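Subject: Structure for your review

Dear colleague,

Please find the structure below, with the sequence alongside. I should be grateful if you would look through it together with the notes that follow.

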Amino acid sequence: MHPQICGYLEPKHAEHRKLSLASPLFTRRKDRREWIVLDDEGLQLLAFQDEDAANNPKRDPNYTVPLANAFFCIEPEIPRAFSILSHRKYTYQAETNNAMMAWLNCLQICRDTRNDGASIHNSDDTLEQPEGCHSMISNRPVSDNYLLRNLQRNYSFTSFKSGLLKLRSPTEDDTGSTDSHSATSPQNATTKFFPDDKMFNSNSGSPPPTKFMQNGSNNGSLESAEMNQFLKAELQQALEKLEHLRKLNESMDSELHDLRIGYTSLLQSCYVYKLDGSMENGQNPEFHISPRHKERVGKLLQIARKEDPRLPSSTIITSRTGHTDAYGFKQSFDSEESTMLYLSSRLLSAYSVRSPEEERKIMQWNELLESNFNLIPRKRLKELCRQGIPSELREQVWTKLIDLAIEKYRHEKGTYYYQSLVNRVNDGQVKASHKRQITLDVLRTFPNHIAFNRPEGFGVQKIQEVLQAFTLHNPTVGYCQGMNFIVGNASLFLDKETIFWLLVLIVEHFFPPNYFNDGLIAAQADQIILRNLIDKYCPRLSETMQNLEVDISTITFNWFIAVFVNSVPIETLLRIWDVFLLEGEKVIFRVAVALLMRQEDVLIRQSDTLAFWKSMKTAVSIVYDHKTLMNTAFGGFKMIKRKEIRTRRETKMRDLEKRLRQSANAQNFNLKERITNPANFGASNGPHISCASALDDSSPCFIMCYMDNNEFSVKLGNTDEDVYYPINTQFEAPILCATWIKDQYILLGSAEGYLYSFNIEIKEIAWEMKMGSAVTAIAVGQRTSSNNSVFVGMANGTLSLIMDLVGDTSPRDLFSQTLGFTAISSIVVIDEQVWCACGCSVEIFDVITFDHVRKITISDNPLDNISSMAACPYGVWLFMVGKTSLKLWSTATFEPVSQCDIEKYAQSKAADNSDDNENPDRITAILANDSNLFIGTASGTVFIYKTLKWKSAVLPQSKNGRLSLKLTSTLVLDPRLSVPSVSELDQKTGEDSKADGPNIAVKSEEEPRRSRSRDSNNGSVVYDSVDRVQSTVDSSSSIKSKLRTTSANSLNLLFTSRSQVTESPIRAFLQIKNRKGISIVSFSQRINEDDAILKWVQTSKSGSQWTNKPMLELSLKNSLPILPAYLKSAVLRKLSSVDQVS
């Protein structure tokens, strides 16, 4: 049984009572005593106004004082006063010292022995104690060490339970019996705290004597001993509870930390799943994430930011204003899901840093750093590196790993080797080409980083110095794109000299010598090895790639060249580099396979090539779970040995080099050499036009690119004014192709491999980007109000797709695939198809999805090359290098439907020229629209045909297995068959043909009727005749499959004129809309010739006759036109005749 006590005490703390005007305390201010009752069951003190209020069951206490986990102390400044420290401090003054000690004794015993141990009760919640934690209420047995009085001593006390005042015997014997006469009424009861205390009436108001009533003892020594004993017990209790609370707090913190890690990890997985699902045809999966998680993440961020202010603020959830992370990168998000994924990953990273596992890793790495790094077993280093290097130790560990791998080589070069290279850089010994390319690439390395987004940034200067020093160190390799990303990432942690040796380690030790050279042969060989690994470890993905005809190296090639920089999140990248700096290039294969294995389910759901590439790039960019990725890379599959990788690489490299030599020796590779070598343009013979392009579809202006010796520039022309003029903008290499993209911007491709965006209005380069090879062809795929997609062909046979291109901003998304080893000579976009001419074949892709549609082999001779193509409403015209004929190919059947040969109208004899490239009548340029076909030749002759689309012919119909032909003045021609005359055809049109042959062809043998007339303006010869047209009818099987579909297209060409306009080849034609209508502009190769640029205009409504007019160049000095030589002579003759008359 617990000791219980009640009585009057005077409170010395702020009152909790709610006083009313009727309260006696307003009339008796001097009597501030309260009747205090100890409620042992509720483990609390009940404070009443007086004893009568306590006896009344209907009266509630003025306030209560909880005793659970409370501490008691004696107030030294107030006599006979003690305090109870619970959720606040309560101070009471007793009548005597004995009464004070009695109260403290009872309170202490009740608190320490009240609960036997299950749980802790407080005013708010009930917390179940974790396993292994001691009870907050001590369960030790009560002894004299903890009590001021022995429990067997006789006390007189009252009891108050459940709001009722009960009286108990003032004495109780050892057997627990109580005298029956001891119970008295509350009104007559008196309180005897100790047996020897004098009795006093509680209602008398007179205080009892203050001295102790103990017999046979010294009052002072007893008081001091009792107080000391009480304080010792209370201090011991406080210490025990403090230690217990500390352990409980640690346990709860650890449990809360684990819960936070689990929550953020689960939330991260949910958002990854949602984003992965959105990659399937752009549709979000039916997976709802409650908006309450945004509030929780915001609160967690507020708490975490108190320890790490570098964490993002919760405001970016709603504002999406972006955030600069701890590494200096500006993070921006385009959706709520990506924002929440980033925030959950940052929280998870912050929690992981404070985990016991991270502290253990820090201790282990500190031990290794303090020891001799060279003596540490490699197995131990591999184990720790694969677990990850702590952020605060990454700089030291990376430096040690670099020194460990390259120490001997560095020692051979000497201590001041790097500084000597820097001195040579400062002396200007770096090649101008390297210096220019490095300057361009450095600003594009990390455009969203605060140290790299401006030329004066300290990161830009750091990278430039290291890269330029390396070009002097290894002039054979020089500089290659990809090195800037390696150096840029290392510059976030290392000093310049260490970064230089890191680049030497990667380029010269981890990878073979020709990995970063111009051919990138070893890098291409690694892509073949990766595809073999995909076949082995990701068979479903391999099957999808085959079905879609996807070249995965479009994405993975940069993984190898830049070691995953700008491909994965920065935290994941650093974990990869932690292992890469120790184990080398094998890590790249491991991580590449692990990434594809983790994203396999997403990628196999894609239905087209472009969606596959986009999904792959996006999926890899949100791999924040680097721990799982590394576990997959080093434990999810059995990787081939390093020796086997190198053996396979050498084998693939030999195969690639052999194919490259064969292509280089072939004649079809001469096109690439002719394009990439400016000397082959005949620059020594004067200025030459290399290409031309119209501007806006409704603009009368055009741009043409030309070269004059070693100067390469552009000129602008206006067909309304019939003039053109040069622009003071110089390029370092010939511009090979050009096309208008949007507004005032035009794309230019150079022989040096640069893609420029040129602003016509301000006549400046908006941006430039280095491509893999000389840019030989450009075509705009889709034009929208906001952005465009552009196809870029290169001399190395690579076709690149640039997405979301705008004129004033350098593109970010670039997808490429290799079509062959020969140059892509021409690209046209027609009917949602992209036709790319490469060598002797045409590769056709879907303009939206970039899926491969068809490959057409134009010539069986691999040495032939397609020179150019031109789209028209009826299909695509194309011609081969050195040939005098061209064919029209259908975009529906991918078969030739018409053919035109200018040989019969040519004046020179092509047979006298053994080489097609020397044939003066070879076709060099074409332009086709819905009504005309313009053909330019190497002799400077322009042929004009009028296209006649007659009524569609009825396809052959089957009758009892026989084919019949019903024609209405339509010529269907096939040069492979014997051709009947027109008269024979007329005899057969009225009846079914009895021929059983699979092909039917007719041909007009009538000679063209020439009515020669000379144009007064240019002296051109005009002919009026019907040219022969050749159209192919499908074979019998093809005809049967299309009998009930559509009728055949028929296109006839009406030869109208042939004009010898210059002595140099016709370089290009442009169709331009001006205020007078549609005009055709022809460009001769030598710009300094008379009539080099002519504007052609129709002179008849039928469109059969055309006249041309020279366009004049304006002088920059006086803005006057520069007249051709023959016009100058005419003017002089006119002036002389005027003088004679006068």
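The notes below begin with the chain as a whole and then take its parts in turn.

Please bear in mind throughout that this is a predicted model.

Overall composition

The chain has 1142 residues, of which 52% count as buried. It contains 28 helices and 47 strands. Among the contacts with a separation of 6 or more, 59% are between residues 24 or more positions apart.

An open sheet is formed by 7 strands in the order 4-3-2-1-7-6-5, with antiparallel pairing. Its edges are strand 4 (63-66) and strand 5 (71-74); each has a single partner strand, so one side of each is left without a neighbour in the sheet. From one strand to the next, the twist averages 35 degrees. Within this sheet, strand 2 (residues 34-39) and strand 3 (residues 44-48) are joined by 5 bridges in the antiparallel sense. Isoleucine 36 has alanine 47 of strand 3 opposite it. Helix 3 (residues 97-113) packs on the sheet, where it touches strand 1 (6-11), strand 2, strand 3, strand 5 and strand 6 (81-85). The direction of helix 3 makes about 165 degrees with that of strand 5.

Helix 4 and the annotated segment

The UniProt record, an unreviewed entry, lists residues 228-255 as "coiled-coil region". In the model, residues 228-255 are 100% helix and 0% strand, with the end C-alpha atoms 40 Å apart. Histidine 257 lies in helix 4 (residues 219-278). Is histidine 257 buried or exposed? Its relative accessibility is 15%, and it therefore counts as buried, the cut-off being under 20%. Leaving aside residues up to four places away in sequence, histidine 257 touches Tyr351, Arg354 and Ser355.

Helix 8

Helix 8 (residues 356-370) has 15 residues, which should span 21 Å at 1.5 Å a residue; its end C-alpha atoms are 21 Å apart, in agreement with that figure. Its buried residues are Glu358, Lys361, Ile362, Gln364, Trp365, Leu368 and Leu369. These buried residues of helix 8 pack against helix 7 (336-353), helix 9 (378-387) and helix 10 (394-413).

The nonpolar cores

The largest nonpolar core has 135 residues. Those with the most contacts inside this core are Trp365, Met483, Phe500, Phe516, Trp559 and Phe564. Helix 15 (residues 496-510) gives the most to the core, contributing 10 residues. Which residues does tryptophan 559 touch, not counting residues up to four places away in sequence? They are Phe564, Ser567, Ile588, Ala592, Leu595, Leu596, Met616 and Val620. Another core, of 29 residues, lies apart from the largest one. Ile36, Tyr63, Ala94 and Ala102 are among the residues of that other core.

Strand 26 runs antiparallel to strand 27 (residues 833-838), and 6 bridges join them. One of the pairs consists of isoleucine 824 and its bridge partner in strand 27, cysteine 838. The two strands form a hairpin with 2 residues between them, and aspartate 831 in the turn has a positive phi of about 50 degrees.

With 14% relative accessibility, threonine 891 counts as buried. Not counting residues up to four places away in sequence, threonine 891 touches Ile830, Asp831, Gln833, Trp835, Gly875 and Val876. Threonine 891 and glutamine 833 are 58 residues apart along the chain, and their C-alpha atoms are separated by 8.1 Å.

Strand 44 (residues 1093-1098) and strand 45 run antiparallel and are joined by 5 bridges. Tryptophan 1096 stands opposite asparagine 1108 of strand 45.

Yours sincerely,

A colleague

Conventions:
Residues are numbered from 1 along each chain as its sequence is written. This is a predicted model: local features need pLDDT of at least 70, side-chain atom pairs count only at pLDDT 80 or more; totals for chains, interfaces and linings use all residues. Side-chain values use heavy atoms; hydrogens and water are left out. Two strands pair if DSSP finds at least two bridges between them. Helices (H or I, at least four residues) and strands (E, at least two) are DSSP runs, numbered from the N terminus. Axes are lines fitted to C-alpha atoms, for helices over the stretch in contact, and angles run from 0 to 180 degrees between N-to-C directions. Contact means heavy atoms within 4.5 Å. UniProt positions are given in the numbering used here, feature names are shortened, and annotations may be inferred rather than shown by experiment. The expected span of a helix is 1.5 Å times one less than its number of residues. Buried means under 20% relative accessible area, exposed over 50%, partly exposed in between (1.4 Å probe, protein chains only). A nonpolar core is a set of buried Ala, Val, Leu, Ile, Met, Phe, Trp, Tyr and Cys residues joined through side-chain atoms within 4.5 Å.
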